[in-house]
Amino acid sequence: MKKLTVLISMVLLFGLTVMMSSCTIAKISGKGSMPLLLNNPPEKVKVISHFTESKMITFDYTSSFDVYEIIADRLANSDADMAINLTITIKSDVGTFFVNLFTLGLANARTVQVEGDFVKKVGGMGALLKNHEVLGVAANGKELKDVVKRLAANGQTIRNIVRQNGKFLVLN
């Protein structure tokens, strides 16, 4: 009987350890040499800083995540023209485990982590504006969120967001 109790305790401890460890649900990367959405551009750029930002998402049953919402404040407060080499990781961690446990899974909590580089275009942003239509202009991060939401609601395709002369340009 004592051996059975020890065995059950070990199985429960192992199960709890597995449940408490992080688990990646999805990972999306864009680090090519051709221009994909916010990846490494073909023009020469100078890396200003590397960043990692995380945000817990709750009560979202669509599994569609807006990366801009996660990095907007950090991008607006940097001197960068754009974010490149993004890696987006959607995962479950200890915090999301407990949120889901206490809400009996109704919260559908996940953590979205965005990692990449803030860069400045060498020689200005004019080269990136060729063959692109400027869909919107914003003076700060809050305005940029509003512009992006408005364009998305109208079905516009946003290919890039760049910073030029202190303003954000949303490009098609």
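The largest nonpolar core of this predicted model contains 26 residues, and Val114 and Leu144 have the most contacts inside it. A nonpolar core is here a set of buried Ala, Val, Leu, Ile, Met, Phe, Trp, Tyr and Cys residues joined through side-chain atoms within 4.5 Å. Buried means under 20% relative accessible area, exposed over 50%, and partly exposed in between (1.4 Å probe, protein chains only). At least two core residues come from each of β2, α2, β3 (82–92), β4 (110–121), β5, α5 (141–153) and β7. Helix α2 gives the most, with seven residues. Helices (H or I, at least four residues) and strands (E, at least two) are DSSP runs, numbered from the N terminus. Leu144 touches Tyr68, Ala138, Ile161, Phe168 and Val170, leaving aside residues up to four places away in sequence. Contact means heavy atoms within 4.5 Å. In soluble globular proteins, nonpolar side chains tend to be buried together.

Four bridges join β5 to the antiparallel strand β7 (residues 167–171). Val134 has Leu171 as its bridge partner in β7. Two strands pair if DSSP finds at least two bridges between them.

The structure holds one salt bridge, defined as a side-chain nitrogen of Lys or Arg within 4 Å of a carboxyl oxygen of Asp or Glu. Arg74 pairs with Glu53, and their closest N and O atoms are 2.7 Å apart. Arg74 belongs to helix α2 (residues 67–76) and Glu53 to strand β2 (residues 45–57), so the pair ties together parts 21 residues apart in sequence. Arg74 is partly exposed, at 33% relative accessible area.

Mean pLDDT, the predictor's confidence in each residue from 0 to 100, is 75 for the chain, and 78% of the residues score at least 70. Among the elements, helix α3 (residues 94–102) has the highest mean (90) and helix α4 (residues 126–129) the lowest (56). Over residues 30–37 pLDDT stays under 50, and the model has 19 contacts beyond four places in sequence for this stretch.

Residues are numbered from 1 along each chain as its sequence is written, and side-chain values use heavy atoms, without hydrogens and water. Local features need pLDDT of at least 70 and side-chain atom pairs count only at pLDDT 80 or more, whereas totals for chains, interfaces and linings use all residues.
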